Amino acid sequence: MAGSIKELSKEEYLLKGHGACAGCSLAISLRLLFKALGNKIVMVVPACCTSVIPGPYPYTSLAVPVQNMLFEATGATASGVVAAFHRRGIKDVTVVGWAGDGGTVDIGIQALSGAAERGTDFIYICYDNEAYGNTGMQRSGATPYGAWTTTTPTGKKERKKDTPFIMAAHRIPYIATACSSYPIDFINKLRKAKEIEGTKYIHILAPCPTGWRYDTSKTVEIGRLAVQTGMWVLFEIENGKFKFNPPSNRLIDKAKRRPVKEYLTLQGRFRNLTEDDIERIQKWVDEDWERYCKLASNQYV
Amino acid sequence: MSIAPKTCKEMPVTTLSIPTVGSMGKTGSWRTFRPVVDYSKCTRCTLCWIYCPDGAITRQEDDSPKIDYDYCKGCGICSNECPVKAITMEREGE
Ligand SMILES: Cc1ncc(C[n+]2csc(CCOP(=O)(O)OP(=O)(O)O)c2C)c(N)n1
Ligand code: SF4
Ligand code: SF4
Ligand code: SF4
Ligand SMILES: [Mg+2]
């Protein structure tokens, strides 16, 4: 496991001159993926921003084998790749499904659910920029309540799906949340997932300046604020056992969490929120935390 | 690093893409503000290196950052995250 940033490899498999917007946290997360697992991996990537980042044929900025696949088919494709490696007796390659929130919580959910049910031996990563980014920011099932998108011009009226817990219902051995603002936490979760056999699911919050409407320099800060306000919680569910990770484990006392308002008002996508909306979101966050705390103390919820 | 084909004869027969630095060209041209490092302030913490979305910062022998202006998009994350404010953003052309 990595203890500090300086221990990480200088090797880059996301080559510079790639196609992500300036200030994109998804690009940071990709670099961290490669720092964690190196290049003995095969990625399965559906239509999403990550299929734009490589750039136009015949070039690509991703210096690892990548199978680009249909929007809905990440889980199924990864199952096929894993089966092929198994058949050929190749054991030292990690298969990584890497999909956006639209490709995971909406259109790809049945393929993912099928792979999890079959126990496909792979790591599935959902990077969640809370909208359909590369087609111009339409709302997804992961867009939070109140957020502006091009299809929710006055703010989304529904709540965000709780996808890590949908995956928990599949009783897979490892589920975790992460965010590129906490690189060592994310890297250690990837390395742990690599050693576990079966389906591993990691859901990362992926701040997106283009869609969330904030200055490109604030990407890491926004991710940190999401965690400090408790809007994004860092946790693991290992063999059904829930555990908070730092710094979320220090925020169990509500008084230690910053008000969600601090996170919301930094982003243009929340500019239409009323005081009532903000209060409602705060209440939901506090309720979620009560549920997580019960899980952490092993009380059945 | 680039082993990209120069002629159509060199093109692969399948739809395989070739890992290439600058697959989207010299993305430094997207930049409005340029990050400038004050090495006398830098503590070599490497935070700017790990957070750069573009891999445009190289970690040198002594762990200080070296910015590749051919590809840095000028997002300003490095400047925002530097704990000792050793990186300032300066408008291009000034
Ligand atoms: C079946 C199908 N429907 C629609 C599309 C068009 N499409 C491509 S990517 C995309 C949105 C992807 O959103 P998400 O998965 O959140 O990834 P992001 O772009 O945000 O990284 C859409 C709608 C498609 N390629 N296939
Ligand atoms: S739209 Fe957002 S997630 Fe997609 S490349 Fe741009 S900043 Fe990154
Ligand atoms: S401004 Fe952005 S792209 Fe340029 S070196 Fe800093 S973090 Fe990297
Ligand atoms: S973040 Fe600042 S102090 Fe740390 S290595 Fe970069 S320039 Fe130096
Ligand atoms: Mg998305």
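1. Asn129(A) is buried, at a relative accessible area of 6%; buried stands for under 20% relative accessible area, exposed for over 50%, and partly exposed for what lies in between, with a 1.4 Å probe and protein chains only. Asp101(A) is likewise buried, at 1% relative accessibility. The model is predicted: local features need pLDDT of at least 70 and side-chain atom pairs count only at pLDDT 80 or more, while totals for chains, interfaces and linings use all residues. Residues are numbered from 1 along each chain as its sequence is written, chains are lettered from A and ligands numbered from 1 in the order in which they are written, and side-chain values use heavy atoms, leaving out hydrogens and water.

2. The magnesium ion (ligand 5) is coordinated by Asp101(A) through OD, Asn129(A) through OD1 and Ala131(A) through O, at 2.0 to 2.1 Å. Asp101(A) belongs to helix H3 (residues 101-106) of chain A and Asn129(A) to the loop between E5 and helix H5 (163-168) of chain A, so the pair ties together parts that are 28 residues apart in sequence. Along the chain, the donors follow the spacing D-x27-N-x1-A. Donors are N, O and S atoms within 2.8 Å of the metal (3.2 Å for Na, K and Ca); water is not among the atoms, so sites may look incomplete. Helices (H or I, at least four residues) and strands (E, at least two) are DSSP runs, numbered from the N terminus.

3. Ala, Val, Leu, Ile, Met, Phe, Trp, Tyr, Cys and Pro count as nonpolar, Asp, Glu, Lys and Arg as charged, and the others, Gly among them, as polar. Of the cysteines, Cys21(A) is partly exposed at 38%, whereas Cys208(A) is buried at 11%.

4. Over all chains the count of disulfides is zero, a disulfide being a pair of cysteine sulfur atoms within 2.5 Å. In chain B, the surroundings of ligand 3 include Cys52(B), Cys72(B), Cys75(B) and Cys78(B). The shell around ligand 3 divides into seven nonpolar, two polar and two charged residues.

5. Helix H4 (residues 109-118) of chain A has as its buried residues Ala111(A), Leu112(A), Gly114(A), Ala115(A) and Ala116(A). These pack against helix H2 (74-87), H3, E5, H5 and strand E7 (199-205) of chain A, where contact means heavy atoms within 4.5 Å. Gly119(A), with a positive phi near 70°, follows H4(A).

6. Leu37(A) lies in helix H1 (residues 25-37) of chain A and is buried, at 7% relative accessibility. Leaving aside residues up to four places away in sequence, Leu37(A) touches Thr94(A), Val96(A), Ile123(A), Leu190(A), Arg191(A) and Lys194(A).

7. Cis peptide bonds join Tyr57(A) to Pro58(A), with omega about 5°, and Pro246(A) to Pro247(A), with omega about 0°. Arg171(A), a residue other than glycine, has a positive phi near 55° and is exposed, at 76%.

Methods. Near = heavy atom within 4 Å.
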